[in-house]
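Let's take a walk through a protein together. Keep the picture at hand and follow along as we go.

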Amino acid sequence: MASRVLWGSLGLFRLVWCLLPQTGYVHPDEFFQSPEVMAEDILGVEAARPWEFQPSSSCRTVVFPLLTSGSAFWLLRLWEEWGPWPGLVSGYVLLVGPRLLHTALSFALDVAVYHLAPLWGAERWNALVLLSGSYVTLVFYTRTFSNAIEGLLFAWLLVLVSRRVAWSPTAKKPAPGPWWHGWLLGGIVAAGFFNRPTFLAFALVPLFLWGICGAINPGFRSLTKEALGLLPGATLTAAVFVAVDSWYFSGPSMSTTLVLTPSNFLHYNLDPQNLARHGTHLRLTHLAVNGFLLFGILHAQALRAAWQQLQACFQAFAQMGFLRVLDARSLLSSPRPHLLLLYFMPLALLSAFSHQEARFLIPLMVPLVLLCSPQTQPVPCKGTLVLFNVLGAVFFGCLHQGGLVPGLQHLERVVHAPAPPSVPTHYTLLFTHTYMPPRHLLHLSGPRAYVELVDMAGTEDQVLCQALNNVTRQPACQVATRSWLCRLFVVTPGTTRSALEKCSFPLRSETLVFPHLTLEDPPALSSLLSGAWRTHLSLHILELGEKPDNRTGKPLL
């Protein structure tokens, strides 16, 4: 009973924390692979369209962005046009709307684990508490990541195959399922492949076990027959994705051509030079770093279980010989071997690529909680597990780049504030040493000449000063002409604020957004121990005045 209450409380917390909202900014892909694109397409707000969604590249399917962020924005658009209280759309609503839909979808993980746990020998409510209490669920599965969609599809792929695959000491070979079961299974595999081609790494073991357990005489011919049963559903689903992507990327002014987004994705990512642009990592990064970063002690338990299973295999090999080991039922006397395959095989396949980010592993959450919550043993190290997930939720959900989204909401209020109509205002918003700012959160209706957003990324100090000089020397912003009232805002972490002092611009106002931690420019330990620790852990929004020597100068080249 206590586990059920705890799961319900964690589920409620998941929903409430989405609405607060979470301020942490995990990775630009959470914005630029779904809501940034859909906001421009459906609501007509100004946005920065990433290269993956350009017709010349078309590396990402548009189906899932349309179904998730697109659905949320369509409802907002209908409300604006037909609702009794127009004016609902704001930066907050544009942020929370898609996240709320993803949070609702995340409970499909809980439903999947509810059905999977008894089939795999796991204690149902312990597994659900591990799932709901993990910061991976609280943070990553409530954001608009394609990896979250991949995790949902993987979980329900396991639900479909587990009736046939899951271990049972007394169960007979299951009867064949209905004809539509294979169609649905093929449809999920195709949808997962179009969402992220890496889905095949997660689907390989479930499909192999499903084929082996369902075949009358396991062999190549029987496995081929089982695989052919997936083709109708996979073909129909792939046709839908190709049709929607072709329609979207062709556009009204272009002739319709077939667009195969997975092919373009693979063509790009199989080029080592392209992967190097996004960062290269050691092949063991997933195993030695990312697994611990995401799952903590649960990953350590999985490693321990894998080592114990290997030892059992080696001992059996020494006693029985290789051929007898292959037929030994004793090694499969528990669901653990299958769960270990479901966890470590995708991890190994993803490790073959040099670009390894932690979020690529979040679909492994479901087999991991099943592995770590056996019915015969209590969950170990509960205090350590709670502390780990609290720290992970605070870091990724609040601290990491945590001032950028609230800072954009502050700037949204600034640029939308009423201004005297006789003197138009030109706003320049310059971001430096932050993640890419999602422009749709400013809620600018289409491209507006009076708001210019400049992303300087991690630029050097000299380049930053030159850019500021160019901005203030624009002809429209010259004080002598007085054609515009120009306002310049610079957004930078507290750890790089000193760079602005070298540019010698007068400071009109300064707003601090706390907390904000950037690992690219982390604060020194001495600064955190000083009285100015809050300044270094804040995002600074500075409004700068005009330098006296820029009043009559010409723009710099």
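Predicted model: local features only at pLDDT ≥ 70, side-chain atom pairs only at ≥ 80, totals over all residues.

Residues are numbered from 1 along each chain as its sequence is written, and side-chain values use heavy atoms, with hydrogens and water left out.

What joins Glu-226 to Arg-164? The two form a salt bridge, with their closest N and O atoms 3.2 Å apart; a salt bridge is a side-chain nitrogen of Lys or Arg within 4 Å of a carboxyl oxygen of Asp or Glu. Glu-226 sits in helix H11 (residues 220-228) and Arg-164 in helix H8, so the pair ties together parts that are 62 residues apart in sequence. Helices (H or I, at least four residues) and strands (E, at least two) are DSSP runs, numbered from the N terminus.

Another salt bridge joins the side chains of Arg-196 and Glu-150 (3.7 Å, N to O). Arg-196 is in the loop between helix H9 (179-195) and helix H10 (199-214), while Glu-150 is in helix H8 (residues 146-165), so this pair ties together parts 46 residues apart in sequence. Both Arg-196 and Glu-150 are buried.

Now look at Glu-510, whose salt bridge with Arg-497 has its closest N and O atoms 2.8 Å apart.

Next, find Glu-543 in strand S5 (residues 539-544). Glu-543 is buried, since its relative accessible area is 7%. Its side chain makes a polar contact of 2.9 Å with that of Arg-487 (a pair of N or O atoms within 3.5 Å; within protein, one must be able to donate a hydrogen and the other to accept it, and residues adjacent in sequence count only if both atoms are side-chain atoms).

Finally, step back to the whole protein. It has 25 helices and 5 strands, and of its 557 residues, 50% count as buried.

Definitions and conventions
Buried < 20%, exposed > 50% of the residue type's maximum accessible area, 1.4 Å probe, protein only.
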